[in-house]
Amino acid sequence: MNVLIIAAKEIHQAIRNRWVLAATLLLAGLALSLTFLGSAPTGNVGARALDVVIVSLSSLTIFLVPLIALLISHDAIVGEMERGTMLLLLSYPVARWQVLLGKFLGHLAVLAFATCLGYGAAVGALAATGSQIDNDSLLAFGAMVGSSVLLGAAFVAIGYLVSALVRDRGTAAGICIGLWLLLVLIYDMALLGVLALDQGRSISAAVLNALLLANPTDAYRLINLTGFANVSTFAGMAGLAQTTSLTIPVLLTALLGWTLLPLTLAALAFSRREL
Amino acid sequence: MTSTVRVSDVTKAYGRVEAVRGASFALGLGELVALIGHNGAGKTTLMKLMLGLIRPTSGAIEVLGDNPAAGEFAGRRQLGYLPENVSFDPALTGRETQAFYARLKREPVAKALDLLDAVGLGAASRRRVSTYSKGMRQRLGLAQALLGAPRVLLLDEPTTGLDPELRQTFYDIIARLAAGGATVLLSSHALTELEERAGRVIIMNRGIKVADGSIDELRRLARLPTRIRLKVAGLAPSELPGWAPQDTTCRRLNGHIVEIDAAPERKIELLHRATAAGNAVEDVDVVPPTLDELYAHFLRQSEQAP
């Protein structure tokens, strides 16, 4: 009950602050421009316009959704402490984990709303312009939207963990930008570099799989680019899709773990905080 | 007497600084207690300890049957708190904020909104908190603290930023709550305001409780002189009345008034002497030591103690 009251207030605030509007418009705008610009090279005769959109949109999601998630989550705890509102809230009959979980549900709802509506606009636009959309593509698209929300959930949880640990908002923002750079950009480049240097001598497939699961954005990428046969041919990852042993349930579990573990740690850190 | 708040030998250290040192007291039903002390004396720390926002380094606290340090909060439904420099989410209106807090306490929202009128927020309650002045935020802070007929009220500097009229209303409200059996603990710098209202005063200095009792008890303990001011006719401007005993301090304030510092038990004797003497006493004022003076006295005393 307390969790829902707090979640409802977070959503209310996000609507008031125009967070919902901004995130939805941003995602919808990018989804729509990718839909129309992205379909130019394949031409309009391509029967699988939606599959192309999935490939380009999921690549974009990897950059954008974690960024939005960290932006809304990084000051969830430390920001409220600095503004002094946390002091009052914790004098009410609520447990600290309830505060955290309530905020999480609220932020997740905002993110899910923006993603579904923003990306849904792409499907709507394709349907409206008369592109043929088959069920396989729709299924893959649904999975892409769902996993995007899950990716967002993982980064909201990571943002909370940072927020629960640091002393001030500036530090939280700095660490979150660092984490974003690391997980979204640097990690893959470094992995690629290591693989190229190693030439397959000491890094086995199992180690590579573990390394891919150790980064939520890679788990997300594999779900969307290799998970569905119709998409993976476009993504140029059909080869990888045949050799990787990481199935969709494993990848989803990894993303879920990336959500639950930071969230639990954040709750622990927050429960020990003095303010 | 049943107590709602019990603080037993509590120490709270931040690194090497001890914000509260070995404080013990119990607050009973219907008590209106003033917690005074200058900045950094440990008033806010004590309140935060009672709310479980921080944990004591040693000692035990019990608030409405809960141990706040262990994260128990069942009793907080009946607890109201107004922090020093209260702040709210700026994007929400006063009414939305109050409704949110009412839901957390499982109080009917309509009743909670009536409190906004009681503290005089009225029409402003439909505006966003970001447009509020300090006084308006303080009113909203009071309104949320009063939610659900609290049995314990912790008010940290509640009257800062309130205009005199609202101050009066505020003290009326808390006096009514205390009469109804609520424990009210309020910290303040406005000692003159508290003097008439607080049934009990706890004085803190550098984390140590230096005095605790009703104002009369503190006056007895402090043994500060009561000042007797007499308007006497027929005395030369600098002349002191002959009947004044040698062992009391006596001074002239202006043309007519003689001021005598009297030990508490000699007040009546001095008045007798004054009226028995030849000079006509035209007017008399008896000024007992004020809370300000008592506060200063106990502070001095605690500084001199080893």
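Residues are numbered from 1 along each chain as its sequence is written, and chains are lettered from A, with ligands numbered from 1, in the order in which they are written. Because the model is predicted, local features need pLDDT of at least 70 and side-chain atom pairs count only at pLDDT 80 or more, whereas totals for chains, interfaces and linings use all residues.

**Confidence.** Here pLDDT is the predictor's confidence in each residue, from 0 to 100. Chain A has a mean pLDDT of 86, with 90% of its residues at 70 or more. Within chain A, confidence is highest in helix α1 (residues 2-16), at 93, and lowest in helix α12 (residues 238-243), at a mean of 57. Helices (H or I, at least four residues) and strands (E, at least two) are DSSP runs, numbered from the N terminus.

**Contact between the chains.** Two residues are in contact if their C-beta atoms, placed from the backbone, lie within 7 Å. Chain A contributes 19 residues to the contact and chain B contributes 23 residues. On the side of chain B that touches chain A, the largest share, four residues, comes from helix α2 (residues 94-104) of chain B. That side of chain B comprises 14 nonpolar, three polar and six charged residues. In this classification Ala, Val, Leu, Ile, Met, Phe, Trp, Tyr, Cys and Pro are nonpolar, Asp, Glu, Lys and Arg are charged, and the others, Gly among them, are polar.

**The sheet of chain B.** Two strands pair if DSSP finds at least two bridges between them. An open sheet of six strands in chain B has the order β5-β6-β7-β3-β8-β9, with mixed pairing. Its edge strands, β5 (79-82) and β9, each pair on one side only, and the twist averages 15° from one strand to the next. Strand β8 (residues 200-205) of chain B is mostly covered, with five of its six residues buried. A residue is buried if 20 or more other C-beta atoms lie within 10 Å of its own, exposed if 12 or fewer, and partly exposed in between, with C-beta atoms placed from the backbone. Strand β8(B) pairs with strand β3 (residues 32-36) of chain B in the parallel sense over four bridges; Ile36(B) has Ile203(B) as its bridge partner. With strand β9 (residues 208-213) of chain B, β8(B) pairs in the antiparallel sense over five bridges, and Asn205(B) stands opposite Ile208(B).

Most residues other than glycine have a negative phi.

The hairpin of β8(B) and β9(B), to which Arg206(B) belongs, has two residues between the strands.

**Nonpolar cores.** A nonpolar core is a set of buried Ala, Val, Leu, Ile, Met, Phe, Trp, Tyr and Cys residues joined through C-beta atoms within 7 Å. In the largest core, of 157 residues, Tyr160(A) and Val184(B) touch the most other members. Helix α7 (residues 135-165) of chain A gives the most to this core, with 17 residues. Leaving aside residues up to four places away in sequence, Val184(B) touches several residues, including Leu32(B), Val33(B) and Ile174(B).

Conventions:
Axes are lines fitted to C-alpha atoms, for helices over the stretch in contact, and angles run from 0 to 180 degrees between N-to-C directions.
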